Amino acid sequence: MKISRNWLQTFFDAPLPDAAILGDALTFHVFEIDGIENIGGDDVLDVKITANRGHDCLCHFGIAKELSAILNIPLKKYPHTMPIDELQKRKTTAVSVLIEDPVLCPRYIAGYIKDVKVGPSPDWLKKSLEAIGQRSINNVVDATNYVMFNIGQPLHAFDAGKLTAQAGNYAINIRRAREGEKIIALDEKEYVLSNSMLAIVDVNGAHSQGGEAIGIAGVKGGMPAGITEATTDIIIESANFNGASVRKTAQALKLRTDASTRFEQVISPELAGYGMRAVVELIQKLAGGELVGFVDEYPVPQEGRTVAVSLSRINAVLGTKFGATNVTDVFQHLGLPFSQEGEVFTVTPPFERLDLIIPEDLIEEVGRIIGYDKIPDIELPAPSRPPAVNPNFYAAEKIREELMSQGYSEIFTSVFRDTGERSVQNKIDSDKPYLRNNLQPALAEAWMSNSLWKDLLGIKTVKIFEIGPIWKDGQEVIVVGTAEGERISNMKGSETLKTSEEPLKVNVPVDSYDNLPLSSATRYQSFSKYPYIVRDIAMWTPSGTKADDVLTLIKQNAGALLARCEKFDEFTKGDKTSYAFRLIFQSFERTLTDIEVNAIMEKMTVILKEKGFEIR
Amino acid sequence: MHYTKKTLVLKATTTEYTGDMPRGHIHPISSLIREANRIFHEVGFAFADGPLLEDEWHNFDALNVPKDHPARDMQDTFFIKDEPGMVLRTHTSNVQIRYMESQMKKGIEPPYRIIVPGKVFRNEATDMTHEAEFFQMEGLVVGTDVTLAHLKGTLARFFKELFKGASVEIRFRPSFFPFTEPSVEVDMRLVGENVPEKLRDKWIEMMGAGMIHPNVLKNAGVDPTKYQGFAFGMGLDRLALLRWGIDDVRLMHSADLRFINQF
């Protein structure tokens, strides 16, 4: 989530340190930072909120609370302590709310304001929203967005004038959508809802049976009741919706919004009260209007809970030697109310900290706020018994070694094929959804393709193997497969492919692993993806001429395109020795042509002739 | 047959163009697993393995991943057609559960120390840094007095052995995984002359880890009031990329000897 440094500053009296310091504080004590950007003189941090903190940290207040604890800078305001008894004191009967299923909608508050003046937002508000990548729309809509990004409660404003009143009263129903029910959302697109989705309905609205959908609960508001310049009366929604249900709806409609993202993470229904209180205050400040009153449907209020942990347990899990004051400091700085009895701390988490459930959750708070750099590194004690040898791994290592000593090289191929017995139902690239029931087709393909660059590799024949799982006869089996070429007699240099496959033989376990060699490679060299050209050159040389000297001469004169050169034949007749070399030319940038390679070879021939060699 | 280092010397350079059949090449992932097993075996870790085609209980539920967790969505996990509840494992953590279950069934209580190298799957488009099938190595240590400090010490030792000649620093950052609490991201930094320039003095994100969530122990039949421990899961492909300066993760499954023969 985008977090503005200027916005954060509104929570503190003391000036905040530089964005880089804020970034480090968050990185090492709570969240990763994806980047810091300067937007119109403000530093904006892109903070990756983890799934366990979506409850309380998808807002500036959440991040401010964390920074307050990490940097030990006191907060000047704490929005969740503002009085909300107004919600009860100023009840109205002008709007009624009916929640059909409290599991899907644990709380719904409607706030009714008359005679607002919709217009542009003041500069500070525009700037705040634009810094975090939001577009300013008008003062009413901006106020709902500001409060959401400030304290995390998604809010929505309906144009009351577009709803249908009955005897001067409005009725809102939160019910499952009818199968196929349609709504045009604020993005001007039509969405077709299903029975698994929750709709906000104007009960007296156009479709007399069941009312008209004016919103997709927790996801997006509807066009029919959207705020415009002409709007005067508004009904504000501050509600709580079931996370899983909102997630499924947003996913099915391919409509993820700032609201749905927050509900998906599950937020406390208690927050809705503070959200309503804050947004009404802001709207009245920006757009005037007269508050008619509130309706608050909250059938099952959130229960409080306590979590206890002892100092010794904290140290036993973290491997630290923290004292009681270390722990009390953390809880105090985080704003976690607690009591202490002996070495046991009992924390009463604030309503928004839905993540604090078990003692380990508190241990994490202590560890991360003090800092994981304070965790020492301690090696495990010597094992009490020698570890068992894994018979499957032992057998695989043994056969791997045997095959390598016979010249086979090891490959891995994909488990996905275009045929097989079992398949996956949802592969992104839908070709090859089957799980292989046989290694040999992939080995054969690998043998064929590798045979194309035998010369480049400097090998006479391709010998490869794979050890891996196949799915056959309802079983997952580890098999060993090989592929190699077999010479065809009477046809010089021609090979036919021979493959084999058998289950990995696992024998009686042994006591210890063999000490097998590791790859001695140090750095990998990327290879050219372009085709190469082969040229052979043979020559008679005077006796005493060393092959290595000729090789050096060739390498010195062949230029940068020579990828490989090897002697492949040698024989002596009388006082002359014949050498034959194979030259491989290849470029990293392009496909070479015969013409340019021929030119190199002609030049080479001249040079070798000058040395007194007789080109054959 | 018993092999020793003396009799088998690997040639990482090119093979000679001679009549003798030269020794074949090991896949870099196999070499890495061989080496990791050697390092961990010495400090008491057993090599554990388990199925790739797995049930949702071992892949998700037992690991404290709730039913409606985004990771369980269709787009991230390969589900097996016509076999409800079966998936291609999304991590090697399924073997944590299977190992502990089987030990408890045999009446063998902790201490446990295992590593689990193996193939895992994510349903995503492939590019130079992402593959739908890749290799992971899980680590699991359970005992009465295993701490987060032991996790740091264990990983520091592993990387010191793996990047010989370099001095290794380990750093934890807070993170979140359903199967560990507390959860951390582990960064590593290599310092020293012998470290390739691309890696030298840079913090590199290596893996996720943490103290095993009590629910995970409980789900595997281990008493969380008696035992605790740590777990980690690192990407082996990524480790190989760093180790050898490999520029494209897709080479791992390319079966291309222009790649393999360099190892």
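Let me start with one contact: the side chains of A:Asp56 and A:Lys65 are joined by a polar contact of 3.0 Å. By polar contact I mean N or O atoms within 3.5 Å; within protein, one must be able to donate a hydrogen and the other to accept it, and residues adjacent in sequence count only if both atoms are side-chain atoms.

Before going on, the ground rules. This is a predicted model, where local features need pLDDT of at least 70, side-chain atom pairs count only at pLDDT 80 or more, and totals for chains, interfaces and linings use all residues. Residues are numbered from 1 along each chain as its sequence is written, chains are lettered from A and ligands numbered from 1 in the order in which they are written, and side-chain values use heavy atoms, with hydrogens and water left out.

Back to A:Asp56. Where is A:Asp56 found? In the loop between strand 3 (42-48) and helix 3 (60-71) of chain A. Helices (H or I, at least four residues) and strands (E, at least two) are DSSP runs, numbered from the N terminus. A:Asp56 is buried, at a relative accessible area of 4%. Buried means under 20% relative accessible area, exposed over 50%, and partly exposed in between, with a 1.4 Å probe and protein chains only. Leaving out residues up to four places away in sequence, A:Asp56 touches A:Gly62, A:Lys65, A:Glu352 and A:Arg353. Contact here is heavy atoms within 4.5 Å.

A:Lys65 has another partner. Its side chain meets that of A:Glu352 in a salt bridge, 3.2 Å from N to O. That pair links distant parts of the chain: A:Glu352 is in the loop between strand 17 and helix 12 of chain A, A:Lys65 is in helix 3, and they are 287 residues apart. Both A:Glu352 and A:Lys65 are buried. A salt bridge needs a side-chain nitrogen of Lys or Arg within 4 Å of a carboxyl oxygen of Asp or Glu.

Over all chains, the search finds 55 salt bridges. Now two from chain B. B:Asp187 pairs with B:Arg171, the closest N and O atoms being 2.9 Å apart. B:Asp187 is in strand 7 (residues 180-191) and B:Arg171 in strand 6 (residues 167-177) of chain B, 16 residues apart. Buried or partly exposed? B:Asp187 is buried at 2% relative accessibility; B:Arg171 is partly exposed at 21%. Then B:Arg250 and B:Asp248, a salt bridge at 3.0 Å, N to O. B:Arg250 is partly exposed at 33%, and B:Asp248 is buried at 14%.

Next, rings. The structure holds 28 aromatic pairs over all chains. Rings of Phe, Tyr and Trp (its six-membered ring) pair if their centres lie within 6.5 Å; planes under 30 degrees apart count as stacked, over 60 as edge-to-face, the rest as tilted.

How are A:Tyr274 and A:Phe351 arranged? Their centres are 5.5 Å apart and their planes at 5°, so the pair is stacked. A:Tyr274 is in helix 9 (residues 270-287), A:Phe351 in the loop between strand 17 (344-347) and helix 12 (359-370) of chain A, 77 residues apart. A:Tyr274 is buried at 11%, and A:Phe351 at 17%.

In chain B, B:Trp244 and B:Phe263 have centres 5.1 Å apart and planes at 80°, so that pair is edge-to-face. B:Trp244 is buried at 1%, and B:Phe263 is buried at 1% too.

Two lysines sit over rings. A:Lys427 lies over the face of A:Phe416, 4.6 Å from the ring centre. The rule is NZ of Lys or CZ of Arg within 6 Å of the ring centre and within 35 degrees of the ring normal.

Last, the interface. In contact are 113 residues of chain B and 103 residues of chain A. The buried area is about 9,500 Å², with 57% from carbon and sulfur atoms. That is the accessible area (1.4 Å probe) that two parts lose on being put together, summed over both. Across this interface of chain B and chain A there are 6 salt bridges. B:Glu83 and A:Arg422 meet in a salt bridge at 2.7 Å, N to O. From chain B, helix 1 (residues 28-42) gives the largest share of the side touching chain A, 9 residues.
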